[in-house]
Amino acid sequence: MTSKTVHANPTKSRSPRHRAREFALQGLYQWLLNNEVAGSIDAHIREAHGFDKADRDHFNSLLHGAINQSVQLREEIAPLIDRSIAELSPVEHAALLIGAFELKNHIEIPYRVVINEAVELTKSFGGLDGHKYVNGVLDKLAAKLRVNEVSAKK
């Protein structure tokens, strides 16, 4: 990903939290491909065009939290996918880590918002049908991690 953020729909208004998720996705993508140190990725992303419009605290929570909890998050995701974690595209992998992290650690954000945001990220940055896959996996994970919230919505 370049320092100039590319968006699927540049005219669409994005909230500071959505922008934070976009930048966290880019950071996790970089981490997954290059295995760089989180601090280095963080510094690079914060210099990117448009970062000033992102929710910095949420970005920090997502990037560092998903990296620090990646082993546990992958353990939560692994039983819900039809392939190994290594076979996921980096964008799907990053979106799933962000979604899993938010479902687990940001209970103030409704699970449907978490899933929708991960789907939107995958639509913007991922392959053709990756968003459907991310949606299905996070829907199953939400039913496991947010039992009361999910059952109340049905």
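**View 1. Contacts of E92 in the predicted model.** Leaving aside residues up to four places away in sequence, E92 touches R83, T122, G130, Y133 and V134. The model shown here and in the other views is a predicted one. E92 belongs to helix α5, which covers residues 90–105.

View 2. Is E92 buried or exposed? With a relative accessible area of 10%, E92 is buried, because the cut-off for burial is under 20%. Across the protein, 49% of the 154 residues count as buried.

**View 3. Helices of the protein.** The secondary structure consists of eight helices and zero strands. Read from the N terminus, the order of elements is α-α-α-α-α-α-α-α. Among contacts between residues at least 6 apart in sequence, 72% join residues at least 24 apart.

**View 4. Overall dimensions.** The C-alpha trace spans about 40 × 30 × 30 Å along its principal axes.

**View 5. Surface and charge.** The protein exposes about 7800 Å², of which carbon and sulfur atoms supply 50%. How many positive and negative side chains does the protein have? There are 20 positive and 19 negative side chains, and the centres of these two sets lie 5 Å apart.

How values were computed. Residues are numbered from 1 along each chain as its sequence is written. This is a predicted model: local features need pLDDT of at least 70, side-chain atom pairs count only at pLDDT 80 or more; totals for chains, interfaces and linings use all residues. Side-chain values use heavy atoms; hydrogens and water are left out. Helices (H or I, at least four residues) and strands (E, at least two) are DSSP runs, numbered from the N terminus. Buried means under 20% relative accessible area, exposed over 50%, partly exposed in between (1.4 Å probe, protein chains only). Contact means heavy atoms within 4.5 Å. Accessible areas come from the Shrake-Rupley method with a 1.4 Å probe; for residues, only the protein chains shown count as cover. Lys and Arg count as positive and Asp and Glu as negative; His and the chain ends are not counted. The place of a charge is taken as NZ of Lys, CZ of Arg, CG of Asp or CD of Glu.
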